[in-house]
Amino acid sequence: MAQNSEPVSLAAALASFDDLWSPRIVTAVNDYDVRLAKVEGEHVWHTHDHTDEFFLVVEGELLIALREPGGERTVVLPKGSIFTVPRGTEHKPSSPSGAAILVIEPTGTLSVGDRHEEVPDHVDATTGHVLNS
């Protein structure tokens, strides 16, 4: 996807779809996609072997469980917070009450990573969908 030649309203972009855990590509920066997703409930434990994963919470609150060498922990990201999951770190995003997130990953990165547990029906295993705004 090429960069947008016009500004993108995140509110309008979010209003254009209802699917959960199914990211929309809102623009590209160099070789990275900027993806917007609505989330609620739990994603899957997964790992990106070759890239970090950047999260920005646009609305609501996101939890990210992490399995690190020192053990398991969960980071809590309220609206306006950012967090980067380091490459190779197993993680599981969730949002009990729902959230909207912006994620930055290399173009072509699968939303369920390189290694993951079984993907339930409510999670879209995708490299991102074109935003139809």
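Modeller: Let us begin with exposure, for which buried means under 20% relative accessible area, exposed means over 50%, and partly exposed lies in between. Please keep in mind throughout that this is a predicted model.

Biologist: Is Ala 15 buried or exposed by that scale?

Modeller: Ala 15 has a relative accessible area of 63%, and because exposed means over 50%, it counts as exposed.

Biologist: Which residues does UniProt list for the cyclic nucleotide-binding domain?

Modeller: The unreviewed UniProt entry lists residues 13–83 under that domain name, and such an annotation may be inferred rather than shown by experiment. In the model, this span is 63% strand and 4% helix, and its end C-alpha atoms lie 22 Å apart.

Biologist: How should I read a salt bridge, and how many does the structure hold?

Modeller: The general idea is that side chains of opposite charge can pair when their charged atoms come close. In this structure there are nine salt bridges. One of them joins the side chains of Arg 35 and Glu 105, with 2.8 Å from N to O. Arg 35 lies in strand E2 (residues 32–42) and Glu 105 in strand E7 (residues 90–106), so this pair ties together parts that are 70 residues apart in sequence. Arg 35 is buried at 1% relative accessibility, and Glu 105 is buried as well, at 2%. Arg 35 and Glu 105 are also linked with Asp 33 in a network of salt bridges.

Biologist: Which other residue of E2 pairs with one of E7?

Modeller: Glu 42 of strand E2 pairs with Lys 92 of strand E7, so parts that are 50 residues apart in sequence are tied together; the N to O distance of this salt bridge is 2.9 Å. Here Lys 92 is buried at 16% relative accessibility, whereas Glu 42 is partly exposed at 45%. A further salt bridge, between Arg 24 and Asp 19, has an N to O distance of 2.9 Å, and in that pair Arg 24 is buried at 11% while Asp 19 is partly exposed at 40%.

Biologist: What should I look for around the aromatic rings?

Modeller: A pair of aromatic rings is described by the distance of the centres and the angle of the planes. This structure holds zero aromatic pairs, but there are charges placed over rings: the charged end of Arg 67 sits over the ring of Trp 45, 3.6 Å from its centre, and Lys 38 lies over the face of Phe 17, at 5.3 Å from the ring centre.

Biologist: How many cavities of 30 Å³ or more does a search of the whole structure find, and which residues lie nearest the centre of the largest cavity?

Modeller: In general, a cavity is space where a probe fits but cannot get out. The search finds one cavity of 30 Å³ or more, and the largest cavity holds about 160 Å³ of space. Its lining consists of 15 residues, and those nearest its centre are His 43, Glu 53, Ile 101, Val 103 and Ser 111. Strands E2, E4 (53–68) and E7 each supply at least two residues of that lining, with E7 giving the most, namely four residues.

Notes: Residues are numbered from 1 along each chain as its sequence is written. This is a predicted model: local features need pLDDT of at least 70, side-chain atom pairs count only at pLDDT 80 or more; totals for chains, interfaces and linings use all residues. Side-chain values use heavy atoms; hydrogens and water are left out. A salt bridge is a side-chain nitrogen of Lys or Arg within 4 Å of a carboxyl oxygen of Asp or Glu. Buried means under 20% relative accessible area, exposed over 50%, partly exposed in between (1.4 Å probe, protein chains only). Rings of Phe, Tyr and Trp (its six-membered ring) pair if their centres lie within 6.5 Å; planes under 30 degrees apart count as stacked, over 60 as edge-to-face and the rest as tilted. A charge sits over a ring if NZ of Lys or CZ of Arg is within 6 Å of the ring centre and within 35 degrees of the ring normal. On a 1 Å grid over the protein atoms alone, a cavity is a set of points where a 1.4 Å probe fits but cannot get out, and a pocket is an open set with protein on both sides within 12 Å along at least five of seven lines; lining residues have an atom within 4 Å of a point. Grid points are joined across faces, edges and corners, and a volume is the space filled by probe spheres set on the points.
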